[in-house]
Amino acid sequence: MKTKKITVMAMCIALAMILSYVESQIPSEAAGISLLRVLLVSLLFGHVASLLYSAAGAALSLLGMILLRRIPQFSCVAVSVTGGVLHNIGQILMAWALMGSNVVYYLPVLLFSGTIAGVVIGVVAALLIRRIKI
């Protein structure tokens with residue numbers, strides 16, 4: 001039962017990230033959508049600390065993806081990987097600011113998972129973008 005719940009949650013997160021990436025193609029709207037996503041997810045499933053972590057991760061991720069997207073040499077996958085890694089870095093920075101330096105030890109695992117998630121989401125996003133011709 002727990003594995004199924006984790007799997008469903010992971011799929012929802014992946015879908016939210018794909019949609020966030022697609023929306024990041026229009027930066028002003030993407031910032032609003034990212035803010036609303038963070039607020040709604042934190043209110044429905046989290047607490048105040050999760051709001052702070054999510055907001056820090058989302059802000060850093062969105063900024064990095066917007067900047068990289070302006071450089072034509074970066075593929076959809078590269079932009080997505082950058083977003084995934086920066087999201088984790090933003091969360092770690094917020095946790096470090098709130099709790100101290102012990103959380104920095106999580107960074108290598110989070111960077112690895114952010115890279116893997118970024119590759120998967122970037123590939124799926126690239127396929128979706130081609131499919132719907134954005």
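Author: Helices are DSSP runs of H or I with at least four residues, numbered from the N terminus, and the expected span of a helix is 1.5 Å times one less than its number of residues. The model is predicted, so local features need pLDDT of at least 70, and side-chain atom pairs count only at pLDDT 80 or more, while totals for chains, interfaces and linings use all residues. Residues are numbered from 1 along each chain as its sequence is written, and side-chain values use heavy atoms, without hydrogens and water.

Reader: What span should H4 have at 1.5 Å a residue, and how far apart are its end C-alpha atoms?

Author: The 24 residues of H4 should span 34 Å, and its end C-alpha atoms are 34 Å apart, which agrees. Gly100, which follows H4, has a positive phi near 110 degrees.

Reader: At what angle do H4 and H5 pack?

Author: Axes are lines fitted to C-alpha atoms, for helices over the stretch in contact, and angles run from 0 to 180 degrees between N-to-C directions. Helix H4 (residues 76-99) packs against helix H5 (residues 107-132) at about 145 degrees, with the axes 7 Å apart.

Reader: How do the axes of H3 and H4 cross?

Author: Those of helix H3 (residues 48-69) and H4 come within 7 Å, crossing at roughly 145 degrees.

Definitions and conventions: Helix = DSSP H or I, 4+ residues; strand = E, 2+ residues; numbered from the N terminus.
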